[in-house]
Amino acid sequence: MAVGSSFPSRTTAAAAPQPSAASAVQAAPANPEFLTTDEAGAFLRLSPRTLEKQRVLGGGPRFRKFGARVVYAAADLRAWADSHTYGMTSDPGYVQRDSVR
């Protein structure tokens, strides 16, 4: 690189990264209170399509609608997961179906 160049060198740019105001606004919080369908699916290790089906047929976690957006509260996802805890396959609640096929 030439000595009189107007471009900053790589070492200067790498040494002092400056976060922009736009990237700070777009950064999601580490533990959001509300999750999208994709995030809720990843949280529960379920397909987002499964959560969409459960919204229609029933049996899934509680959800909220903010306008057209569907979100899940993290506390509701944990409560739903905790309600589906069984000790063995012969538990009385295990054989009951929560949704209609």
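Good morning. Residues are numbered from 1 along each chain as its sequence is written. Because the model is predicted, local features need pLDDT of at least 70 and side-chain atom pairs count only at pLDDT 80 or more, while totals for chains, interfaces and linings use all residues; side-chain values use heavy atoms, with hydrogens and water left out.

I begin with the overall layout. The protein has five helices and three strands, and from the N terminus on they run α-α-β-α-α-β-β-α. Helices (H or I, at least four residues) and strands (E, at least two) are DSSP runs, numbered from the N terminus. Of the 101 residues, 16% count as buried. Buried means under 20% relative accessible area, exposed means over 50%, and partly exposed lies in between, with a 1.4 Å probe and protein chains only. Among the contacts with a separation of 6 or more, 44% come from residues 24 or more positions apart; contact means heavy atoms within 4.5 Å.

Let us turn to helix α3. Which residues of α3 are buried? In this helix, residues 37-44, they are Thr37, Ala40, Gly41 and Leu44. Seen down the axis of α3, these buried residues fall within an arc of 100°, so they line one face of the helix. The arc is that of the directions from the helix axis to the C-beta atoms. An α-helix has 3.6 residues a turn, so residues three or four places apart point the same way. The face of α3 turned away from the buried side carries the exposed residues Asp38 and Ala42. What covers the buried residues includes β1 (34-35), α4 (48-57), β3 (69-73) and α5 (74-83). Just after α3, Arg45 takes a positive phi of about 60°.

Thr37 deserves a separate word. Thr37 is buried, with a relative accessible area of 11%. Its side chain makes a polar contact with the side chain of Arg55, at 3.3 Å. A polar contact is a pair of N or O atoms within 3.5 Å; within protein, one must be able to donate a hydrogen and the other to accept it, and residues adjacent in sequence count only if both atoms are side-chain atoms. Arg55 also lies over the face of Phe63, at 5.8 Å from the ring centre. For such a charge over a ring, NZ of Lys or CZ of Arg must be within 6 Å of the ring centre and within 35 degrees of the ring normal.

Next, the core. Which residues make up the largest nonpolar core? They are Leu35, Ala40, Leu44, Leu51, Val70, Tyr72, Leu77 and Trp80, eight residues in all. Such a core is a set of buried Ala, Val, Leu, Ile, Met, Phe, Trp, Tyr and Cys residues joined through side-chain atoms within 4.5 Å. Helix α3, strand β3 and helix α5 each supply at least two residues of this core.

Finally, the aromatic rings. The whole structure holds two aromatic pairs. Rings of Phe, Tyr and Trp (its six-membered ring) pair if their centres lie within 6.5 Å; planes under 30 degrees apart count as stacked, over 60 as edge-to-face and the rest as tilted. Phe34 and Phe66 form an edge-to-face pair, 5.5 Å centre to centre with 85° between the planes. Phe34 lies in strand β1 and Phe66 in strand β2 (residues 64-66), so the pair ties together parts that are 32 residues apart in sequence. Thank you.
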